[in-house]
Amino acid sequence: MATSSYGLQEFAHDMEDILRSQPDQAKIFDRGSSYLERLIANPGALPDEYRAPSGTGPRSNHGSYLLYRGDSGLLVTAVVWGPGDHAAPHDHHTWGMIGVMDNSLSETRFRRMDDREDPLHATLERDREATLVPGEISLLIPTVDEIHQMDNHTDRPTVEIHVYGQDLKGLDRCRYNLETGEVTPFVTRKWDNE
Ligand SMILES: [Fe+2]
């Protein structure tokens, strides 16, 4: 992978430019993912303090750090998955792009098969599983393809950059229990660095 000096500020600026052009989803992903590829190819783009799990609180083996929040709604975070870290299937309710900077992460995607009439029950079907490696980008498409489970099966931290169309803090989202079908609403309350 070629290295780059493309940094967070330039990335946020370029993303805001796209968003100002009233883009459709395809344009956001097409141009946005090319910018994100450049960003994650630059090891210097993310300070060391955002490359380790938080070490405190209920998810001490996890870290989520706010990097940029724009008036447009654009949100950029760094997410760190410690060894063995796991996120149960959940949705996002906004578009997203996830790029891996360090190490790898297993992502399992699910399709929702029920009619969505019952807000507290869902039937999910396993769609696909991938091991994301540095330089790769995974896209989240609201309602269509956005339910995933994440696992770090390795023995060292995985570092990612996440980009969303809305601030996840305060956004109503759902977790899914694969065995019981139960849907549990949840809200991200804070980032580890604010
Ligand atoms: Fe997620």
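How many residues does helix α2 have, and how far does it reach from its first C-alpha to its last? Select residues 25–40: α2 has 16 residues and reaches 21 Å, close to the 22 Å expected at 1.5 Å a residue (the expected span is 1.5 Å times one less than the number of residues). Helices here are DSSP runs of H or I with at least four residues, strands are E runs of at least two, and both are numbered from the N terminus.

Some housekeeping before you click on. You're looking at a predicted model, where local features need pLDDT of at least 70 and side-chain atom pairs count only at pLDDT 80 or more, while totals for chains, interfaces and linings use all residues. Residue numbers start from 1 along each chain as its sequence is written.

**Stay on α2.** Now colour F29, G32, Y35, L36, L39 and I40, the buried residues of α2. Buried means 20 or more other C-beta atoms within 10 Å of a residue's own, exposed means 12 or fewer, and partly exposed lies in between, with C-beta atoms placed from the backbone. Show what covers them, including α1 (8–20), β4 (96–102), β7 (137–140) and β9 (158–164).

**Next, S33.** This residue also sits in α2, but S33 is partly exposed, with 16 other C-beta atoms within 10 Å. Leaving aside residues up to four places away in sequence, S33 touches M97 and I137 (contact means C-beta atoms, placed from the backbone, within 7 Å).

The axes of α1 and α2 lie 10 Å apart at an angle of about 175°; axes are lines fitted to C-alpha atoms, for helices over the stretch in contact, and angles run from 0 to 180 degrees between N-to-C directions. That makes the pair roughly antiparallel, a label for angles over 145 degrees. To see the meeting place, show F11, D14, M15 and I18 in α1 with K27, I28, R31, G32, Y35 and L39 in α2. Just past α1, stop at Q22, which takes a positive phi of about 55°.

**Zoom out.** The whole chain has 2 helices and 11 strands, and its C-alpha trace spans about 45 × 40 × 30 Å along the principal axes. Buried residues make up 28% of the 194.

Terms used:
Contact = placed C-beta atoms within 7 Å. Parallel < 35°, antiparallel > 145°, perpendicular 65-115°, else oblique.
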